[in-house]
Amino acid sequence: MGKRRLALCAGVLAVTAFGPAACAAYAADGGDVSVVPAVPAPGGDIALRVTGCDAREAVARSTGLVSDARLTPDDGDGLAGDGRVRSTATAGTYTVTVACDGTEHRGTVQVVRKQTPAAGAEPAARPSPVAPVNAGAGGAARELAGRPEQQGPGTAQAVVALALAGTAALTVHRAARRQARRGRRTG
């Protein structure tokens, strides 16, 4: 009876401690389609990413895109790919859908018209480089520049943390039990 009670308490403690983080991580992942930049101009390139999809490949479709975008596994726990907004797209919000493992994931891309400066007007800011500069680091800047920014732990990390917390509680319980047995033998 003591083992079950301790295991139950360890489980409740782990869920209490890590449950909100796991829920927040899952909500951040959402399993939905993310688009970067979220507000491109017609003809602009976008990066698409979907999480919560265990397939090896998927296709993102939208009436706002030139063609369907092929998504392949990225370094995280999702699929990623590139697409291009139609140059004839009118300003508005377009739905992006990804069919994956029998589930349809959705996201949106909001297309805006480019603001053309008045004739003879100077740009407000000086242009800056848009591609990584070869500045050492073995070309790592070029590799990292194409990845969407990740924020916080993902669902997989939260599950691993819960498993580690349970294992730690079980180890502490066993050590305490061994120590109690040694105390009974010497007494």
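Tutor: Let's start with β4 and strand β5 (residues 78–84): they run antiparallel and are joined by two bridges. Keep in mind that this is a predicted model.

Student: What makes β4 and β5 a pair?

Tutor: Pairing takes at least two bridges. β4 and β5 have two bridges, so they meet the cut-off of at least two. In one spot, proline 73 stands opposite leucine 79 in β5. The two strands also form a hairpin, with four residues between them.

Student: Now on to arginine 185. Why is arginine 185 called exposed?

Tutor: Its relative accessible area is 69%. Exposed means over 50%, so arginine 185 qualifies. You'll find arginine 185 in helix α3 (residues 155–186).

Student: Which residues gather with Arg185 in the patch of positive charge?

Tutor: Arg174, Arg177, Arg178, Arg181, Arg182 and Arg184 are there with Arg185, on the surface.

Student: How much of the protein counts as buried?

Tutor: Of its 187 residues, 24%; buried means under 20% relative accessible area.

Student: And what is the order of the elements from the N terminus on?

Tutor: They run α-β-β-β-β-β-β-β-α-α, with three helices and seven strands in the protein.

Key
Residues are numbered from 1 along each chain as its sequence is written. This is a predicted model: local features need pLDDT of at least 70, side-chain atom pairs count only at pLDDT 80 or more; totals for chains, interfaces and linings use all residues. Side-chain values use heavy atoms; hydrogens and water are left out. Patches are made of residues with over 30% relative accessible area and no salt bridge: like charges are joined within 9 Å, nonpolar side chains (Val, Leu, Ile, Met, Phe, Trp, Tyr) within 5 Å. Accessible areas come from the Shrake-Rupley method with a 1.4 Å probe; for residues, only the protein chains shown count as cover. A salt bridge is a side-chain nitrogen of Lys or Arg within 4 Å of a carboxyl oxygen of Asp or Glu. Lys and Arg count as positive and Asp and Glu as negative; His and the chain ends are not counted. The place of a charge is taken as NZ of Lys, CZ of Arg, CG of Asp or CD of Glu. Buried means under 20% relative accessible area, exposed over 50%, partly exposed in between (1.4 Å probe, protein chains only).
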